[in-house]
Amino acid sequence: MSEQTATGYSYKYRRVLLKLSGEHLAGEQGYGIDPRVISSLAAEISRIKEEGVELAITVGGGNIFRGLAASTEGMDRSQADYIGMLATVMNSLALQEALERVGVFTRVMSAIEMSAVAETYIRRRAIRHLEKGRVVIFAAGTGNPYFTTDTTAALRACEIEADVFMKATKVDGVYDSDPSINPNATRFDRVSYLEVLTHGLAIMDSTAISLCMDNKLPLIVFNLGVPGNMLRALCGEAVGTVVY
């Protein structure tokens, strides 16, 4: 249900899980963390938090290390995935620092115990942080190999009873084919999870899609590179693609 705020914005969703790719944090440099990108992202999140939206974030680690890619080169898959999980922790700590620099109270919760830098993930504690107005960043995936950060995001969204799962990408929604290859690709405004699975639309892995579908969790796929897109999507504007 939409909720009117003091600044006049009407938000359609109260509790949100935002999935960020590690590649987005790298910006144009393609590797590591671009301070300008992460500062801009923190400023946009700060604006949303001022409106009272409860926000949780899951960050990928592809800007530092890709477990699946390493496993195809001969590395043990489990070991490669654990290294990838540690990469998500580094990204989460960097995002936490950027958010707290602009006055947003933040907690990093890790699926792998590392008490010196992050809280261990406990579902009830995560929900309590959200209720107290803190941004919660979920790090280290599920703590298990063979699961993607998309699946982690879908799982955490269901666990915290999020109203919507927002997947930030470099394109403006879901297409019937790759728009970077096919200039005639058609973008969907709305598409069902069943259609995504049936037609093999490349949004997330099938485990993440099935989790969202089974728990009736709406998904918004949008381009984070356009300033204000996240705010507009939260207000229910036609931004990106809604998967239902």
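**View 1. The surroundings of T142.** Not counting residues up to four places away in sequence, T142 touches A111, F147, T152, L155 and R156, where contact means heavy atoms within 4.5 Å. The model is predicted, so local features need pLDDT of at least 70 and side-chain atom pairs count only at pLDDT 80 or more, while totals for chains, interfaces and linings use all residues. Residues are numbered from 1 along each chain as its sequence is written, and side-chain values use heavy atoms, with hydrogens and water left out. T142 is found in the loop between β7 and α6 (149-159); helices (H or I, at least four residues) and strands (E, at least two) are DSSP runs, numbered from the N terminus. With a relative accessible area of 16%, T142 is buried; buried means under 20% relative accessible area, exposed over 50%, and partly exposed in between (1.4 Å probe, protein chains only). A polar atom of the T142 side chain lies 3.3 Å from the backbone nitrogen of N144. A polar contact is a pair of N or O atoms within 3.5 Å; within protein, one must be able to donate a hydrogen and the other to accept it, and residues adjacent in sequence count only if both atoms are side-chain atoms.

**View 2. The open sheet.** Nine strands form an open sheet with mixed pairing, in the order β6-β5-β7-β4-β3-β8-β12-β13-β11. Because β6 (119-120) and β11 (190-191) each have a single partner strand, one side of each edge strand is left without a neighbour in the sheet. Two strands pair if DSSP finds at least two bridges between them. β4 and β7 run parallel and are joined by three bridges, with I57 opposite I137 in β7. α4 packs on the sheet and touches β3, β4, β5 (106-110) and β7; the direction of α4 makes about 165° with that of β7. Axes are lines fitted to C-alpha atoms, for helices over the stretch in contact, and angles run from 0 to 180 degrees between N-to-C directions.

**View 3. Strands β8 and β12.** Six of the six residues of β8 are buried. V164, M166 and A168 are on one side of β8, and F165, K167 and T169 are on the other. β12 is likewise mostly covered, with five of its five residues buried: L219, V221 and N223 lie on one side, I220 and F222 on the other. In a regular strand the side chains alternate between the two faces of the sheet. β3 and β8 run parallel and are joined by four bridges; L17 stands opposite F165 in β8. β8 also pairs with β12 in the parallel sense, over five bridges. In β12, M166 has I220 opposite, and the bridge partner of T169 is N223. β12 pairs in the antiparallel sense with β13 (residues 241-243) over three bridges, where L219 has V243 as its bridge partner.

**View 4. The largest nonpolar core.** This core has 41 residues, of which L18, I57, L95, M166, F222 and M230 touch the most other members. The elements giving two or more residues to this core include β3 (15-20), α2 (35-49), β4 (54-59), α4 (77-101) and β8 (164-169). α4 gives the largest share, six residues. A nonpolar core is a set of buried Ala, Val, Leu, Ile, Met, Phe, Trp, Tyr and Cys residues joined through side-chain atoms within 4.5 Å. Leaving aside neighbours within four places in sequence, I57 is in contact with L17, L18, L20, I45, L95, V135, V136, I137 and F138. A second, separate core of 29 residues includes V136, A154, M204 and C212.

**View 5. Helix α4 and its ends.** α4 has 25 residues and reaches 37 Å from its first C-alpha to its last, close to the expected 36 Å; the expected span is 1.5 Å times one less than the number of residues. D76 caps the N-terminal end of α4, with a side-chain oxygen 3.2 Å from the backbone nitrogen of S78. Just after α4, G103 takes a positive phi of about 85°.

View 6. E161 is not a glycine, yet has a positive phi of about 60°. E161 lies in the loop between α6 and β8 and is exposed, with a relative accessible area of 53%. K216, also a residue other than glycine, has a positive phi near 50°. K216 is found in the loop between α8 (206-214) and β12, and counts as exposed at 75% relative accessibility.
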